[in-house]
Amino acid sequence: NLLDPTKLITIRHLVACGAVGTNVGDGVKLLAKGDINQPVNIEVTRASERAIANIESKGGSVTVAWYN
């Protein structure tokens, strides 16, 4: 499965497409590695300041959420 950048990308989507492993008990931290070329809206457990700045500079958004 590929991610649809026009919709909210959640941890569930990241696991389903293989972008992260299935052991996400401690959550997923978004880091500023690689480049993006279009706006994305992503929901993760944690995010670095640089990752947030990169996403927002392309018109996207980062939501930090924790679910038990």
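**The core and its setting**

Mentor: This is a predicted model, in which local features need pLDDT of at least 70, side-chain atom pairs count only at pLDDT 80 or more, and totals for chains, interfaces and linings use all residues. Residues are numbered from 1 along each chain as its sequence is written, and side-chain values use heavy atoms, with hydrogens and water left out.

Residues 24 or more positions apart account for 27% of the contacts in the chain with a separation of 6 or more; contact means heavy atoms within 4.5 Å. The chain holds 2 helices and 4 strands, in the order α-β-β-β-α-β. These elements are DSSP runs numbered from the N terminus: helices are H or I with at least four residues, strands E with at least two.

Of the 68 residues, 29% are buried, that is, under 20% relative accessible area with a 1.4 Å probe, protein chains only. The largest nonpolar core has 13 residues, and L14, L30, I42, V44 and V62 have the most contacts inside it. At least two residues of this core come from each of α1 (11-16), β2 (41-44) and α2 (49-57). Such a core is a set of buried Ala, Val, Leu, Ile, Met, Phe, Trp, Tyr and Cys residues joined through side-chain atoms within 4.5 Å.

Take L30 in particular. Neighbours within four places in sequence aside, L30 is in contact with I42, V44, R46, A47, S48, A51, I55 and V62. Among these, I42, V44 and V62 are also listed with L30 as having the most contacts inside the core.

As for the whole chain, the C-alpha trace spans about 30 × 25 × 20 Å along its principal axes.

How values were computed:
Buried means under 20% relative accessible area, exposed over 50%, partly exposed in between (1.4 Å probe, protein chains only).
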